[in-house]
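I opened this notebook to record a few look-ups in one structure. The entries follow in the order in which I made them.

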Amino acid sequence: MRPGLLLISTFAILFPVPDHTSPTVSALVRRFESAYRSSRTLQANFLETYFDSGKVVRSEAGVAYFAKPGKMRWEYESPEPNLYLVDGKWSWFYVPADHTVTRTHAKQSADSRTPLALLAGEMKVSRICKSVGFDTSSSPAQAQGVVLRCDLRGSDDTGPGTSSTQSISPSVHSSYALFEVDPQSGELVRILVVDSGGVQVEFRFSHWQFDPVLQGSKFSFQPAKGVVIVDGDFAAAPDTRERKPGR
């Protein structure tokens with residue numbers, strides 16, 4: 001090898017050219033928003049896992065459906081059938097084995113699935129996130145995945161809403177969500193929701209379908225005869241809720 005080429009090769013090894021192809025936080029957010037914004041309906045398989053002190057407490061799986069404006073349906077198939085439904089006004093959680101459904105106003109719900117209502121809305125990340133940045137606390141579930149941290153609005157940390165290209169360190173003082181996104185397609189791979197007490201719920205998604213044909217009745221809940229309606233905030237004490245028999 002000629003001396004000049006040898007010197008160039010040495011510099012290339014010691015001082016590699018910076019990779020300018022990696023997307024910025026803003027570019028990833030735009031790609032994520034764009035992937036879902038044009039679809040009126042969505043469908044995906046999901047695996048939901050609850051963690052306590054880093055240990056798996058339980059896992060559930062099923063199919064999730066989304067429809068604009070503001071409707072969701074989570075059909076749990078294993079380990080037992082359950083249903084979580086948001087019809088745009090009310091949130092319903094139905095446990096067939098208990099013959100009970102819990103109802104609360106959708107806007108008052110603090111359910112861990114609430115951030116995912118983003119997919120059934122205007123698809124603006126800034127509506128639920130005060131700030132967004134690269135996350136350094138966890139490895140992606142997929143090799144090509146990129147993890148973003150979203151500090152959720154309405155949590156203890158009341159800082160201004162910004163979007164930054166800097167990494168954001170985790171904090172136990174505020175509720176946040178980690179979004180893992182495919183940087184090429186913008187599709188959501190998983191979301192990990194962490195509340196201010198450190199409780200963690202992870203949702204992993206697969207087999208996304210865009211604009212599947214879904215009947216409007218899929219996002220309407222009609223309690224069967226004998227089903228008890230527990231009316232009020234999910235967090236309310238049982239004796240303060242109004243119980244009504246289903247018609």
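Leaving aside its neighbours within four places in sequence, which residues is Glu180 in contact with? I worked from a predicted model. I listed Pro140, Ala141, Gln142, Gly145, Val146, Val147, Glu187, Leu188, Val189 and Arg190 as the contacts of Glu180.

**Entry on Glu180.** I placed Glu180 in strand S10, which covers residues 176–181. I then looked up its accessibility: the relative accessible area of Glu180 is 0%, and because the cut-off for buried is under 20%, Glu180 counts as buried. Two of the listed contacts I examined further. The side chain of Glu180 comes to 2.7 Å from the backbone nitrogen of Ala141. With the side chain of Arg190, the side chain of Glu180 forms a polar contact of 2.5 Å.

**Entry on the strands around S10.** I followed S10 to its partner S8 and found antiparallel pairing over 6 bridges. Within this pairing, Val146 has Val181 of S10 as its bridge partner. S8 also pairs with strand S7 (residues 129–135), again in the antiparallel sense, over 5 bridges. There I noted Arg149 of S8 as the bridge partner of Gly133. How many of the 7 residues of S8 are buried? I recorded 6 of the 7 for this strand (residues 146–152), so S8 is largely enclosed by the rest of the structure.

**Entry on helix H2.** I checked the length of H2, residues 25–37, against expectation. At 1.5 Å a residue its 13 residues should span 18 Å, and the end C-alpha atoms are 18 Å apart, so the two values agree. The buried residues I noted in H2 are Val25, Ala27, Leu28, Val29, Phe32, Glu33, Ala35 and Tyr36.

**Entry on cis peptide bonds.** I found a cis peptide bond from Lys68 to Pro69, with omega near 0°. Pro69 sits in the loop between strand S2 (55–67) and strand S3 (71–78). Another cis bond joins Ser78 and Pro79, where omega is about 5°. Pro79 belongs to the loop between S3 and strand S4 (82–86).

**Entry on positive phi values.** Ser53 is not a glycine, yet I read a positive phi of about 55° for it. I located Ser53 in the loop between strand S1 (41–52) and S2. Is Ser53 buried or exposed? With a relative accessible area of 72%, Ser53 is exposed. His207, also a residue other than glycine, has a positive phi near 55°. I placed His207 in strand S12, residues 200–210. His207 counts as exposed, because its relative accessibility is 61%.

Key: Residues numbered from 1 in each chain as written. Predicted model: local features only at pLDDT ≥ 70, side-chain atom pairs only at ≥ 80, totals over all residues. Heavy atoms only, no water. Helix = DSSP H or I, 4+ residues; strand = E, 2+ residues; numbered from the N terminus. Buried < 20%, exposed > 50% of the residue type's maximum accessible area, 1.4 Å probe, protein only. Polar contact = N/O pair within 3.5 Å; in protein donor to acceptor, adjacent residues only side chain to side chain. Contact = heavy atoms within 4.5 Å. Expected span 1.5 Å × (residues − 1). Pairing = 2+ DSSP bridges.
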